[in-house]
Amino acid sequence: MKTRILFSALALFFLFSLFLASCQSPEVTSAKVYFQQNNIDAAEEQLLIALKKEPMNPEIPFLLAVNVHMQRKEWLEAKKYLDQVIAIDPNYKYTDGRSAKDYLKRLWAEIHTLGANKFNDAINAILPLEKDSLLTEAIDDFQLALKIRDDAIESYNALVKCYYMMDDTTNLLATGEKFMDKGLYDEDVYTYTVQMLYTKGEKDKALSLLDDVLKEHYDSVKLQELRIQFLAQMDRLDEAKEIARKLSEEHPDDVDVMYLLAQIYYKLGDYESAQYQFKKVLIENPDDIQVLQNVCTAAFQAKDWVMAEEYARKIVELDPNYAYGYTLLWKSLYNQGRREEAEEYRQIEKSLQ
């Protein structure tokens with residue numbers, strides 16, 4: 001008898017638990033039926049009624065976000081309700097096992113992708129008007145994406161590039177500074193922002209930003225090179241040389257660093273060191289006329305006439321119609337005392353001018 005009573009009590013408890021688990025307001029039930037019938041408007045109406053009755057039920061704002069507003073592509077409304085789900089229960093998961101945070105990421109990704117597609121189309125656009133129109137639309141998408149996730153580095157990166165392509169200095173700087181104020185980091189965002197500041201005349205501010213970010217991101221060779229360029233252009237050559245020399249030791253195979261260091265040595269009047277660095281660049285770019293011209297000029301300034309002749313001959317071999325190549329050649333020959341030969345090349349130079 002006692003056993004029968006116990007089994008009856010357990011069965012009653014089990015049924016009661018099932019009843020509680022499946023219990024939901026009639027409006028939510030009706031809304032789900034309307035979703036099956038693809039009647040989103042009616043479903044929304046029922047869910048809004050249900051939300052007033054059950055403001056702490058996370059399922060209701062979840063349904064409003066996912067099945068109503070995301071379906072209509074009403075992105076900010078969808079975000080509003082997903083945020084509401086998180087406020088009620090951040091661990092709540094929808095029937096597909098995904099949380100509101102998962103859906104926010106999905107929402108951001110969908111909008112960002114729309115912008116990225118338009119950005120790519122703008123790059124390939126032939127007509128300037130079409131390009132500007134696509135960039136404007138892409139900007140709208142990226143701005144919306146940031147309203148969904150205001151820490152999305154990819155969207156800041158894309159937005160800054162859009163403004164750069166449109167020569168929109170004001171919005172580029174505003175976006176870059178907002179990004180930095182949030183404590184975020186992206187090499188491209190910093191590059192475009194500090195370059196624009198420097199071009200605008202705010203040179204000290206640009207350099208200060210680089211100094212600050214490189215304390216934590218010293219491994220960014222791109223930003224290090226930018227700092228060296230700024231210092232050199234501001235005639236702070238000794239500082240630029242020390243940073244470039246150290247960077248060259250840390251990255252001995254980086255051609256851009258070699259080239260920067262060579263230019264700095266040249267500006268400082270250390271032509272032998274400049275020639276040595278330009279030679280290293282030349283090994284990687286043996287047919288680059290600009291590099292050949294630089295190393296030839298450095299050799300000429302160092303009064304290494306024989307090497308200057310060798311580089312000049314290579315220049316005219318690569319481009320027989322390049323007048324300045326003949327200028328370097330005849331002058332290097334003249335300084336070696338080979339005046340008749342120098343005069344022959346000087347005449348060729350004149351004929352090309």
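Of the 353 residues in the protein chain, 42% count as buried. Keep in mind that this is a predicted model. The accessible surface comes to about 19800 Å². Carbon and sulfur atoms account for 51% of that surface.

Now the secondary structure. The chain has 19 helices and zero strands.

Next, overall dimensions. Along its principal axes, the C-alpha trace spans about 125 × 50 × 35 Å. The radius of gyration is 34 Å, whereas a compact globule of 353 residues would have one near 20 Å.

What about contacts along the sequence? Take those between residues at least 6 apart in the protein chain. Of these, 51% join residues at least 24 apart.

Let's zoom in on helix 13, residues 237–250. How far apart are its end C-alpha atoms? They are 20 Å apart. That agrees with expectation, because 14 residues at 1.5 Å a residue should span 20 Å.

Which residues of helix 13 are buried? They are L237, A240, A244, L247 and S248. Look down the axis of helix 13: these buried residues fall within an arc of 100°, so they line one face of the helix.

And what do they pack against? The partners of the buried residues are helix 12 (221–233), helix 14 (255–268) and helix 15 (271–284).

Now turn to the face of helix 13 pointing away from its buried side. That face carries D238 and E249, both exposed.

So, to recap helix 13: L237 and A240 are among its buried residues, while D238 and E249 are exposed on the face turned away.

How values were computed:
Residues numbered from 1 in each chain as written. Predicted model: local features only at pLDDT ≥ 70, side-chain atom pairs only at ≥ 80, totals over all residues. Heavy atoms only, no water. Helix = DSSP H or I, 4+ residues; strand = E, 2+ residues; numbered from the N terminus. Expected span 1.5 Å × (residues − 1). Buried < 20%, exposed > 50% of the residue type's maximum accessible area, 1.4 Å probe, protein only. Arc of directions from axis to C-beta. Contact = heavy atoms within 4.5 Å. Rg over C-alpha atoms; globule rule 2.2 N^0.38 Å. Areas by Shrake-Rupley, 256 points an atom, 1.4 Å probe, with all protein chains shown as cover.
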